[in-house]
Amino acid sequence: MARNYRYVVEALSAKHARLQGAVARDCPDKATYMADLQHVEHVIRMYAPDWQPSPPVNPRRPAILGSYGAMIRGALDVLRTADRPLTTFEIAREIVARHTKAQPSDVKAVAGSIHMGLRARVGKGVVMIEGFPARWALERILADLRLS
């Protein structure tokens with residue numbers, strides 16, 4: 001009587017992928033993870049002899065500025081203190097200059113994230129001034145600039 005071990009193989013394959021990620025991250029206990037990886041592979045092959053492991057996935061690059069949302073919060077802080085509408089790259093350069101972890105070469109990556117984050121906030125306190133390159137300002141700051 002043949003049994004269907006699909007769920008066992010799927011669960012063990014997920015565990016195998018997690019272990020591959022731990023090995024790729026250069027964890028301090030790499031030898032233990034390598035041994036666990038081999039053991040999981042052997043058990044999977046007991047249930048599915050034709051199973052092939054998925055190729056390893058490159059580890060994700062750590063966040064440039066730390067926590068989730070730090071870039072857009074930084075961009076809004078820069079816009080609050082700005083005396084004129086700024087381009088995305090001007091905002092990115094200011095954010096990278098403020099953070100000690102960020103490198104000057106990170107400006108392009110930061111600019112892309114900031115641009116998309118600010119576009120999502122257009123009409124919710126952020127104004128995009130058309131043109132090339134697009135310039136950004138906060139609604140209340142822009143209103144103050146028009147009054148003066």
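This is a guided tour of the structure, stop by stop.

**Before selecting anything**

The model is predicted: local features need pLDDT of at least 70, side-chain atom pairs count only at pLDDT 80 or more, and totals for chains, interfaces and linings use all residues. Residues are numbered from 1 along each chain as its sequence is written, and side-chain values use heavy atoms, with hydrogens and water left out.

**The whole chain**

Colour the chain by secondary structure. There are six helices and three strands, taken as DSSP runs numbered from the N terminus, with helices (H or I) of at least four residues and strands (E) of at least two. From the N terminus on, the order is α-α-α-β-α-α-β-β-α. Of the 148 residues, 32% count as buried; buried means under 20% relative accessible area, exposed over 50%, and partly exposed in between, with a 1.4 Å probe and protein chains only.

Select 86-87 (strand E1) and 126-129 (strand E2), then residues 135-138 (strand E3). The three strands form an open, antiparallel sheet in the order E1-E3-E2. E1 and E2 stand at the edges with a single partner strand each, so one side of each has no neighbour in the sheet. Two strands count as paired if DSSP finds at least two bridges between them.

- E1 and E3 pair over two bridges, and Leu86 stands opposite Trp136 in E3.
- E2 and E3 pair over four bridges, and Val127 stands opposite Ala137 in E3.
- E2 and E3 form a hairpin with five residues between them, and Gly131 in the turn has a positive phi of about 135°.

Now pick Thr87, which lies in strand E1. Is Thr87 buried or exposed? Thr87 is buried, with a relative accessible area of 10%. Leaving aside neighbours within four places in sequence, Thr87 is in contact (heavy atoms within 4.5 Å) with Pro133, Ala134, Arg135 and Trp136.

**Two crossing helices**

Select helix H3 and helix H5 (residues 107-120). Their axes come within 9 Å and cross at roughly 75°. That makes H3 roughly perpendicular to H5, a label for angles of 65 to 115 degrees; under 35 is roughly parallel, over 145 roughly antiparallel and the rest oblique. Axes are lines fitted to C-alpha atoms, for helices over the stretch in contact, and angles run from 0 to 180 degrees between N-to-C directions.

Show side chains at the contact. Met71, Ile72, Ala75, Leu76 and Leu79 in H3 meet Val110, Ser113, Ile114, Gly117 and Leu118 in H5. By class, this contact has eight nonpolar, two polar and no charged residues. Here Ala, Val, Leu, Ile, Met, Phe, Trp, Tyr, Cys and Pro count as nonpolar, Asp, Glu, Lys and Arg as charged, and the others, Gly among them, as polar.

**The cores**

Which residues have the most contacts inside the largest nonpolar core? Select Leu79, Ile91, Ile95, Val110, Ile114 and Leu118, in a core of 23 residues. A nonpolar core is a set of buried Ala, Val, Leu, Ile, Met, Phe, Trp, Tyr and Cys residues joined through side-chain atoms within 4.5 Å. H3, helix H4 (88-98), H5 and E3 each give two or more residues to this core, and H3 gives the most, with seven.

Centre on Ile114. Leaving aside neighbours within four places in sequence, Ile114 is in contact with Met71, Ile72, Ala75, Thr88, Ile91, Ala92 and Ile95.

For the last stop, select Val9, Leu37, Ile44 and Trp51, which are included in a second, separate core of eight residues.
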